[in-house]
Amino acid sequence: MKKNLYLTLALLALVSGSKCLAADPAYLVKEWERAKAFTLEYLEAMPADKYGYKPTPEIRSFEQQLLHLADANFGFTAGITGTASPIERGGAEKSAGKSKEVTVKMVSDSYDFVINALKGMTAAQMAETVNLFGMDMTREVAFGKAFEHQTHHRGQTTPYIRLAGATPPNEKLF
């Protein structure tokens with residue numbers, strides 16, 4: 001009985017602690033900085049002449065996947081904060097085909113937009129409700145959805161890199 005009580009209290013402390021961390025903008029800044037560095041490694045791993053590579057014709061190219069990720073970083077953050085995005089909706093993906101350098105800069109800038117927005121937030125603001133894509137949620141939850149989205153699309157490019165004959169970076173969970 002006593003063992004179960006300690007286990008329950010430990011789990012509650014863990015869950016409570018992670019919730020507090022997620023609402024802490026400084027913690028989120030570090031997570032987004034880590035995600036940016038990891039995504040830039042993906043961009044560097046793919047040879048420039050393979051940016052237009054598509055495993056099948058009906059899906060996005062490597063470059064389009066990562067520019068879609070950038071569009072979403074800009075769009076989510078603008079919606080969450082009420083700050084105007086520096087690019088038009090879908091503007092990042094429209095820059096596809098220019099060069100590896102243009103793509104890397106666009107993706108990097110999108111992470112900077114998120115990171116700078118988070119640096120201007122307080123924990124109280126993170127708890128405020130916003131309407132994002134027709135759904136009410138806290139800013140904390142909305143930034144979590146944005147983080148999940150960028151992780152998803154970055155992860156989708158792992159087989160692209162392998163199929164193009166390159167090696168993707170190792171996972172960076174911490």
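The protein has eight helices and two strands. These are DSSP runs, numbered from the N terminus: H or I over at least four residues for helices, E over at least two for strands. Along the sequence the order is α-α-α-α-α-α-β-β-α-α.

This is a predicted model, in which local features need pLDDT of at least 70, side-chain atom pairs count only at pLDDT 80 or more, and totals for chains, interfaces and linings use all residues. Residues are numbered from 1 along each chain as its sequence is written, and side-chain values use heavy atoms, leaving out hydrogens and water.

**Confidence.** pLDDT is the predictor's confidence in each residue, from 0 to 100. Its mean over the protein is 89, and 87% of the residues reach 70 or more.

**Packing.** Of the 174 residues, 40% count as buried, meaning under 20% relative accessible area with a 1.4 Å probe, protein chains only. Among contacts with a separation of 6 or more, 73% join residues 24 or more positions apart.

**Leu-67.** This residue lies in helix α3 (residues 62-81). Leu-67 is buried, at a relative accessible area of 0%. Leaving aside residues up to four places away in sequence, Leu-67 touches Ala-92, Glu-93, Ser-95, Ala-96, Thr-103, Met-106 and Val-107.

Technical notes:
Buried means under 20% relative accessible area, exposed over 50%, partly exposed in between (1.4 Å probe, protein chains only). Contact means heavy atoms within 4.5 Å.
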